Amino acid sequence: MSVSVNKLDNGLTVVTDAMPHLESAALGVWVKSGSRNERQNQHGIAHLLEHMAFKGTTNRSALQIVEEIENVGGELNAATSVETTAYYARVLKPEVSHAADILHDILANSVFEPKELEREKHVILQEIGAALDSPDDLVFDNFQDTAFNGQSIGRPILGTPQTVQGFSADELRTYLGEHYHGPNMVLAAAGAVDHDALMRQAEQTYANFTNTPADEAEPATYHGGERIVEEDFMEAQVILGFEGRAYHARDFYASQLLSTILGGGMSSRLFQEVREKRGLCYSISSFHWGFSDTGIFGIHAATGAEDLKELVPVILDEFQRASDKITQEELDRARAQIRSGLLMSMESPAARAGQVARQILLFGRPIPNDELMERLDALSTERIRDLASRLFHDNKPTLTAIGPVKDIARLEDINAHLATPQSEAAE
């Protein structure tokens with residue numbers, strides 16, 4: 001494995017994954033702080049902070065930040081998720097040190113100038129408006145909020161117009177000071193990068209972050225439930241799901257395989273049964289999202305009003321069939337899909353930097369690909385079938401739908417269907 005890891009005295013981890021054949025590198029700072037770490041009156045502040053990091057520092061204006069990176073042909077971006085925020089760059093080999101300096105500057109020295117803050121709030125309000133106008137985005141937001149109702153892990157990452165408009169520069173500084181600490185941060189790089197040189201630079205610059213561990217997010221409590229929103233759209237967007245498995249859980253990798261078997265491609269059970277054989281929808285897919293202490297397993301489909309009544313029962317039948325039988329051929333195919341996806345992503349320095357950074361934040365160490373493959377190879381058809389039985393029959397469903405959905409099966413119907421043995425349901 002080409003990964004090198006060191007830790008600064010303040011707890012910040014520096015990790016590199018050398019790819020000597022490349023002439024470019026991807027590098028960034030990953031922070032174990034996302035929308036889940038917000039208090040109720042901070043809803044949306046993690047995402048706003050990510051935006052404001054590029055809007056000027058004590059050393060560079062907003063224009064200088066982007067000009068300096070683009071003058072050397074580089075790219076600079078950021079992303080906020082439920083549990084992490086990432087600030088990253090892609091540059092040619094000679095500019096790695098320059099990019100690392102810019103990343104430090106935007107995290108340590110942002111000024112949050114009032115005019116820039118108001119302008120960026122307006123940009124985010126447009127982003128929120130675009131999400132509210134997109135049924136396929138909105139159904140996912142409703143799903144997460146229903147599954148984890150009343151908790152930060154369930155709230156939309158963008159915030160609301162009311163919360164975003166209310167934030168001040170001081171509140172941004174307070175949030176940054178509460179969560180951007182050395183033990184909570186990883187400086188990761190992959191590609192044409194010299195580990196020792198990056199480590200020396202980090203010791204000189206990144207050492208100014210405090211070594212106090214940030215507070216952990218509140219433990220998640222899965223609730224389940226339903227949210228059905230009738231709207232005058234052409235298509236109905238539907239998600240049906242259950243509590244999944246956390247990253248550290250015994251069944252995490254089994255859940256990834258089960259998701260792939262059910263809806264992970266054109267050969268998957270749901271794609272073949274729902275679209276190819278019955279023509280009930282244009283798109284259907286499955287997903288399994290792991291978090292630090294919980295997860296979400298779900299099926300997303302888009303269909304017309306006339307096919308909605310049949311769609312959900314067919315999905316439920318496939319859940320029950322998965323509890324009864326998983327073939328070796330299906331398991332081998334799912335393993336091959338996950339394996340190839342992982343190995344193909346390793347050809348990208350950005351993917352490699354992001355993966356190793358998240359592994360350190362979640363597990364405290366890089367996980368070699370061989371170890372991941374061993375975990376997948378150790379899983380049997382019996383193990384996947386047993387997981388399906390527990391996941392779909394000993395779990396509370398979450399159902400969200402938006403569009404022409406008046407004929408959709410409701411939660412009580414879903415529970416009754418799942419309680420019926422497969423042999424009876426088929427009669």
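**Helix pairs and burial**

Mentor: The axes of helix α12 (residues 328-345) and helix α14 (residues 369-377) come within 11 Å and cross at roughly 170 degrees. Axes are lines fitted to C-alpha atoms, for helices over the stretch in contact, and angles run from 0 to 180 degrees between N-to-C directions. Helices (H or I, at least four residues) are DSSP runs, numbered from the N terminus. This is a predicted model, where local features need pLDDT of at least 70, side-chain atom pairs count only at pLDDT 80 or more, and totals for chains, interfaces and linings use all residues. Residues are numbered from 1 along each chain as its sequence is written, and side-chain values use heavy atoms, with hydrogens and water left out.

Trainee: Are α12 and α14 roughly parallel or roughly antiparallel to each other?

Mentor: Their axes cross at roughly 170 degrees. Angles under 35 degrees count as roughly parallel, over 145 as roughly antiparallel, 65 to 115 as roughly perpendicular and the rest as oblique. The pair α12 and α14 is therefore roughly antiparallel.

Trainee: Which residues in α14 meet α12?

Mentor: Contact means heavy atoms within 4.5 Å. From α12 come R335, I338, R339, L342 and L343; their partners in α14 are N369, L372, M373, L376 and D377.

Trainee: How do α10 and α11 lie, roughly parallel or roughly antiparallel?

Mentor: The axes of helix α10 (residues 269-277) and helix α11 (residues 305-324) come within 11 Å and cross at roughly 150 degrees. Therefore α10 and α11 are roughly antiparallel.

Trainee: Which residues of α11 does α10 meet?

Mentor: On the α10 side, the residues are R269, L270, E273 and V274. In α11 they meet L311, V314, I315, E318, R321 and A322.

Trainee: How many residues of α9 are buried?

Mentor: Buried means under 20% relative accessible area, exposed over 50%, partly exposed in between (1.4 Å probe, protein chains only). Among the buried residues of α9 are F252, Y253 and G263. Of the twelve residues in α9, the buried ones number eleven.

Trainee: Is F112 buried or exposed?

Mentor: F112 is found in the loop between α3 and α4 (114-132). Its phi is near 55 degrees, a positive value in a residue other than glycine. At 4% relative accessibility, F112 counts as buried.

Methods: Helix = DSSP H or I, 4+ residues; strand = E, 2+ residues; numbered from the N terminus.
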